Amino acid sequence: MSRKWRWLVAAFALMFAVLYVSVDSMQFISKKEESVFTTRKLVRGSQGTDVRELQGRLKHLGYYKGRIDGDFGWGTYWAVRNFQYKFGMKIDGIVGDNTRTRLVRATRGYNPWAAGGGGGGAAAPKGGGGAPKATAPATKSAAYAGKNLSGNDLKLLANAVYGEARGEPYIGQVAIAAVILNRIDNPNFPNTVPGVIFQPGAFTAVADGQIWLSPNAQAMKAVQDAIKGWDPSSSAIYYFNPATATSKWIWSRPQIKRIGQHIFCR
């Protein structure tokens with residue numbers, strides 16, 4: 001073979017090698033960007049890479065605060081239920097096709113290969129009332145008469161009052177509802193009922209699932225009285241039970257009064 005042909009053969013070989021490496025690299029990148037969700041139904045007790053992605057996406061949105069370990073436990077279960085509630089789906093804690101699709105759409109740009117499987121949703125300091133992203137005091141009362149709250153908002157408020165304060169005196173239940181409304185009026189908190197109630201780390205009833213207990217008539221009446229403008233908390237934006245609170249931070253808040261088992265503060 002002449003020198004000219006040897007050079008041509010070597011050039012073609014080099015060209016194909018470069019092309020092969022480029023295509024292989026593109027496939028690798030594509031694989032890294034590919035979702036690792038499977039099509040199987042995920043339920044409490046499921047384990048695997050797809051559960052890790054589920055946890056990562058829920059954590060990215062702020063619904064899940066536990067370890068991304070691929071184990072579908074109670075924390076993942078309640079995070080799924082909270083996500084389903086917020087997005088108007090059937091609330092069953094099961095990740096089927098509909099929940100999976102809505103979750104993927106809600107987390108566009110999420111990278112399942114990022115360190116830890118997902119970020120965001122840092123928990124607030126522990127305590128009965130939780131903590132927001134800032135600590136400015138509320139300046140408005142819970143005078144919500146005539147404001148446009150949906151039926152779902154009212155139901156969720158009653159769920160929160162019942163989950164947080166059933167067994168408390170009636171005035172204490174109204175005060176809990178008033179705190180939630182005060183937070184909506186405060187620029188340092190979300191400005192919707194679901195936003196306040198499902199803010200990560202904000203309410204014990206959300207963390208332990210008692211938010212889904214069916215409220216009684218007293219809890220619903222307490223919500224109505226708070227909406228009409230009764231605020232027994234005196235414009236509080238936090239409350240906690242001193243017998244169970246573990247956060248030093250919540251004790252640092254200026255205290256207003258005590259009603260039943262709860263201390264209300266700014």
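**Figure 1. Accessible surface and overall make-up of the predicted chain.** The accessible surface of the chain comes to about 14100 Å² (Shrake-Rupley method, 1.4 Å probe; for residues, only the protein chains shown count as cover), and 56% of this surface belongs to carbon and sulfur atoms. This is a predicted model, in which local features need pLDDT of at least 70 and side-chain atom pairs count only at pLDDT 80 or more, while totals for chains, interfaces and linings use all residues. Residues are numbered from 1 along each chain as its sequence is written, and side-chain values use heavy atoms, with hydrogens and water left out. Of the 266 residues, 44% count as buried (under 20% relative accessible area; exposed is over 50%, partly exposed in between; 1.4 Å probe, protein chains only). The chain has 10 helices and 3 strands (DSSP runs, numbered from the N terminus: helices H or I of at least four residues, strands E of at least two). From the N terminus on, the order of elements is α-α-α-α-α-α-α-α-α-β-α-β-β.

Figure 2. The mean pLDDT of the chain is 78, with 72% of residues at 70 or more; pLDDT is the predictor's confidence in each residue, from 0 to 100. Over residues 20–34 pLDDT stays under 50, and the model has 6 contacts beyond four places in sequence for this segment (contact: heavy atoms within 4.5 Å). Residues 115–146 also stay under 50, with 95 such contacts in the model. Where pLDDT is low, the predicted coordinates should not be read in detail.

**Figure 3. The loop between α9 and β1.** D231 is found in the loop between α9 (217–227) and β1 (238–240). D231 is buried yet has no salt bridge (a side-chain nitrogen of Lys or Arg within 4 Å of a carboxyl oxygen of Asp or Glu). A polar atom of the D231 side chain lies 2.9 Å from the backbone nitrogen of S235. S234, in this loop, has a positive phi of about 60 degrees although it is not a glycine. S235 belongs to the loop as well, and its phi is near 70 degrees. S234 is partly exposed at 31% relative accessible area, and S235 is partly exposed at 24%.

Figure 4. H262 is found in strand β3 (residues 262–265) and counts as buried because its relative accessibility is 8%. Leaving aside neighbours within four places in sequence, H262 is in contact with E164, A165, E168, I176, Y239, F240, N241 and K257. H262 and A243 are 19 residues apart in sequence and 9.1 Å apart in space, C-alpha to C-alpha.

Technical notes. Lys, Arg positive; Asp, Glu negative; His and termini not counted. Polar contact = N/O pair within 3.5 Å; in protein donor to acceptor, adjacent residues only side chain to side chain.
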